[in-house]
There are 2 protein chains.
Amino acid sequence: MQPIVLAQEEDRPHYDAVVPTESDPKELPGRSVWHVLIGRPLRTSEMSQEQITPVEGLSALSLDALTSVAYGPEAIIVVLALAGAKSLHLILPITLAIVALLAILVFSYRQVIDAYPGGGGAYAVSRANLGAGASLVAGAALIVDYTLTVSVSIAAGVGALTSAFPSLTPGTVPICLAILAIITVLNLRGLGASARAFLLPTLLFIVGLLAIIVVGLLHPLGLHEAQPGRSLLSTHGLQVVSVLLVLKAFSAGCSALTGVEAIANGVPLFRQPRVKRAKRTEVMLGLILGTMLLGLAVLARRWHVGPRSNQTVLSQIMGMAVGRHWAYYVVSLTITVVLALAANTSFGGLPILASLLARDDYLPHLFGLRGDRQVFNNGIWVLAILSGALLVAVGGNTNEMIPLFAIGVFTGFTLSQSGLVVHWWRTRPQRWRYRAVVNGGGALVTALATLVFLISKFEQGAWIVVITVPLFVLLFVRIRAYYARAGVELGIGSLPGKPVVKDTLVIVPVSNISELTKLAISEALSLSADVIAITVATDRADGAPDYSEELLREWSQWNPGPPLEILRTEFSSIVEPIVAFIDQERAKDDRQIVVLIPMVMPGRLRYRLLHNQIDLVLSAALRKRTDVVVARVQMPLEVPRRSRDQESSSGD
Amino acid sequence: MQPIVLAQEEDRPHYDAVVPTESDPKELPGRSVWHVLIGRPLRTSEMSQEQITPVEGLSALSLDALTSVAYGPEAIIVVLALAGAKSLHLILPITLAIVALLAILVFSYRQVIDAYPGGGGAYAVSRANLGAGASLVAGAALIVDYTLTVSVSIAAGVGALTSAFPSLTPGTVPICLAILAIITVLNLRGLGASARAFLLPTLLFIVGLLAIIVVGLLHPLGLHEAQPGRSLLSTHGLQVVSVLLVLKAFSAGCSALTGVEAIANGVPLFRQPRVKRAKRTEVMLGLILGTMLLGLAVLARRWHVGPRSNQTVLSQIMGMAVGRHWAYYVVSLTITVVLALAANTSFGGLPILASLLARDDYLPHLFGLRGDRQVFNNGIWVLAILSGALLVAVGGNTNEMIPLFAIGVFTGFTLSQSGLVVHWWRTRPQRWRYRAVVNGGGALVTALATLVFLISKFEQGAWIVVITVPLFVLLFVRIRAYYARAGVELGIGSLPGKPVVKDTLVIVPVSNISELTKLAISEALSLSADVIAITVATDRADGAPDYSEELLREWSQWNPGPPLEILRTEFSSIVEPIVAFIDQERAKDDRQIVVLIPMVMPGRLRYRLLHNQIDLVLSAALRKRTDVVVARVQMPLEVPRRSRDQESSSGD
């Protein structure tokens, strides 16, 4: 028995982390290349470096929304064209309705930013106002939306690139993955890095497209040039201009609104005062997007733009406005680039959402940990892996998935607006009735759009969303239930009994007598007076020599103190007899058993393979023996550089 | 200070391994599927189950040699045909010379088996008689040969299959890998498994082909049928029948002798008395192979067989002997099968060779360990991975590599015969001069054949062998030099000083107070009276709550004994402050530091992801601190099956 003296609470000085300075590269050799890529670890106080300003917010969180001008108006015209040329003028009223909805959404999300500055958007709003169930649906819908957005954006950008340079087509998937890798690394550095990197193309895109619209409205330069492609306006078998058709066109056009939620979801990414900055970004986004949509609709109506082969609606309008000259090509190229960069929006949203879900026990807690660069790096990795897998699975061709992610977004819109209605009703601020009516109306419209999306695209893939969202909700619920049960088992929340001190037996597996053996026995004796060394002698049928008797003789000659036990076995595994011996000792009495595994730790990684990796197999075998403490004692082995006298005696 | 009482050498009973019985599947849950595939662990006494008899030796170790009748005669005729029809009759004298060489080789390898019953063939012979340098060349050449044999055999078999069923062609590589996987698993079970599995096709092949030859010699049934294909005998631009041409034809035909060495390389695989059994197998192989070669040569000469398009020489002879009826097709199919199974020969040879190289410190020691089934499983895995990679790299098309592996084999032949000459000269048994002359002549002929191979095939790929063999030799030399230096560093061979006992400080990282914390503190106090618990408080800029003060309050309320230290950090990583604290304690005094990491060990693997894996990152970070003992304390967490009351409180 060893006497136990419980240490007193001393007045140790509070400890400050020793910062690994950059002048100490030896300390973290394996991480250096990685750190060149993602940058050195950041202090909390430096976090604002990686936080964003409103203008940067446009490039970091709004590209998803802004680039939807590339497909929103197109979607309306394609539906309207089913009723022939006479219905094309309806684009203006429909776009007006969409812009009104945009205004409602911007208005609501500004309130969301105010009320839930922790981010999470629809998830946070519905969790606070509509209950756990609705919030999980919102969370699941957002996760599906974020993953699809990454894949679809990158594939759309690369698709535009390969249309321009068909020789690149075989490289579609590698190019997609390379872009994904770049965006991932930038986000692991911090969102600020990607925001700054993408700022120039974003501004070029906004200014360029607005300029083209202004030229088109005031003094079109290319209107009388022949447009390439062939008109796809059908002239026979036309549908009637029904309410249903207009509804469908409206819903299709609503895809232009996807991404409006991203700013509210990512409030913590903004620099302080973050609520003010986030709200300002939301307004800027609303104004720019609304202006673009309206401008394009006016021009489309004025010039009777219809669908054409190999020509997007946006390309037609741009061509008519400024002619197919340098301005057209510069802005077209910029649109291609920002389409790919729109993937970045998800990297702003999903990691924060995942950290909130983890904080509420709906996802593994590791999503709540920040990495060296103060970002939620596990969420970034998971998003990169999921969307990369999706890109590979569909071969970089995700065009058909574009309408799908609108379903996730619009589910989120509906839930956050409904949540706000409840919020107004509960808190009753000034003019709460008016606010509730606006948001209630918004909720109705977005719910209707969600339904139309779902029904009209069900067979083209919307069913995937219908299946995936409940599966995510089930996952969340099961994870939370597990944590609850684990918390009960671990006795969290109530103080456990006092620690129980036991006698300790240290078992040291050895294979020979060397400096490593001395080190291991020394450390074992430092842990307990009760130490046994063991070695395995396998019974060789092929007559290989048995060194165990010799080892036993040397051991008694060395006489280090603890006895050496020889385990004989008929089997060839040396791990099983060790485990069996440990089991035998466990059964004997109530002593605490520590297995101390001696290991050689060579200076160079490639030499590890040359030493028997008994620690790995033995640790794995002992994983199930939870009452055994497994400890490693390492001997550093700095073997001098190879000299000329190689062919000397053998060792180890 | 704790009093240290060195334990006395008690008279503990010698320990017998507790055998994991098959009725205890819970003990090794992850391995059960695998064990169904490769069988339960074998005792040394059961090893003979997996050892082979002479007849099994034919299917396990001789298919490589026997199947060379499919390409050996062909290779001779293709060379002779360069001099037109008039030279084809030379096949008989050339084959006679080859069979004479075969007799010399069988004679030598019987001596090798006698002298080196540990296996290893050319490596063992040249190590004992020609010195380390020659033995390493032999070892490297054999490794190249074994790897090529596996890839070439499987590809040849699958090639024959896809010729018969062209629709399978796109699946060439997967089919190759599937066959490789089957052969690998059979060999992991033990060579006996593959020997028994391949016995039937082997016997069918031997009996079938010999029967066809006999029918051809006595009463050919199909001689007057038209042969398909077009004669490839050239009639213009003929070469003269020079000595060089005959030499080339002889060398090409020598490819029929590859594989003759395999039995001597794999002696330990035979059942006792293994030397006698191996020698008997070697004679059987020589007789069968010699008979087949001679019979085919007689028939080829009698029927003036020349090269034809889409028709191998063997196929022509078989067709002429028995007609293209069922016997022809059955034996053709059998040849296809045994061609693929010839890969098995390498699995008999390489693992033993690798274990010998490992025993001599030329390869990592893990190649010297036997697996559960008493086979050298690491060698089997490496061979499977290398040849699988080769199959994938060349897309399953290794036809052009067939002559390459002959170079490795013939280098081995030359070295083992030269080694025997030295052996006879040293030991001087009865009639040693006669033996030395025979082996010396054999060495000269095989050296000549090696040279002709090398020169004539240099540009078609023989240069690969010329590069690879020295690289392997370099690897062997460097590994041995490393082991020698490591042995010196570890002080192996001299008794180290007495163990030094130190005071121990146990550091326990905790994140909350739970049953796990109690367990960890209990085990820490069992190791030393000097224990510190630490926890990391990260300084959150985003205002996430800091629980550390509350934890400190709860800790003093619980009052388990050791103090709780709060580590504050500005960084987000929780590992770095812990490491920095440990470094601080290391610098203080000479105490032995033990880091005891508390871990939750859930019953189901999939729940592991739900618990923070601090043990992995912390262990990795502490790998370089070799003076710190890292220990794991595990709490099993058997969470009861999910009940209906899921949505209760949260935990962990």
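Begin by selecting strand β5 of chain B, residues 592-602, in this predicted model. Nine of the 11 residues in β5(B) are buried, which leaves the strand mostly covered.

Strand β2 of chain B (residues 504-509) runs parallel to β5(B) and is joined to it by four bridges; display B:Val506 to find its bridge partner, B:Val594. Strand β6 of chain B (residues 628-637) also pairs with β5(B) in the parallel sense, here over 10 bridges. Within that pairing, B:Val600 stands opposite B:Met635.

Now move to the largest nonpolar core, which holds 386 residues. Select A:Val595, A:Ala631, B:Val595 and B:Ala631, the members that touch the most others. Centre the view on A:Ala631: its contacts include A:Val594, A:Val595 and A:Leu596, and, from chain B, B:Val629 and B:Ala631.

Helix α10 of chain B (residues 243-253) is the next stop. Its buried residues run from B:Lys248 to B:Gly253 and include B:Phe250. Among the elements covering them are α4 (72-80), α5 (91-115) and α18 (432-456) of chain B.

Finally, inspect the backbone in several loops. Most residues other than glycine have a negative phi, and most peptide bonds are trans. The bond from A:Gln272 to A:Pro273 is cis, with omega near -5°, and A:Pro273 lies between α11 (262-265) and α12 (274-302) of chain A. A cis bond likewise joins B:Gln272 and B:Pro273. In the loop between α17 (402-427) and α18 (432-456) of chain A, select A:Arg428, whose phi is positive, near 45°. A:Arg428 counts as exposed because it has 11 C-beta neighbours inside 10 Å.

Methods. Residues numbered from 1 in each chain as written. Chains lettered and ligands numbered in written order. Predicted model: local features only at pLDDT ≥ 70, side-chain atom pairs only at ≥ 80, totals over all residues. Core = buried A, V, L, I, M, F, W, Y, C linked by C-beta atoms within 7 Å. Buried ≥ 20, exposed ≤ 12 C-beta atoms within 10 Å, placed from the backbone. Contact = placed C-beta atoms within 7 Å. Helix = DSSP H or I, 4+ residues; strand = E, 2+ residues; numbered from the N terminus. Pairing = 2+ DSSP bridges. Lists of a residue's contacts leave out its neighbours within four places in sequence.
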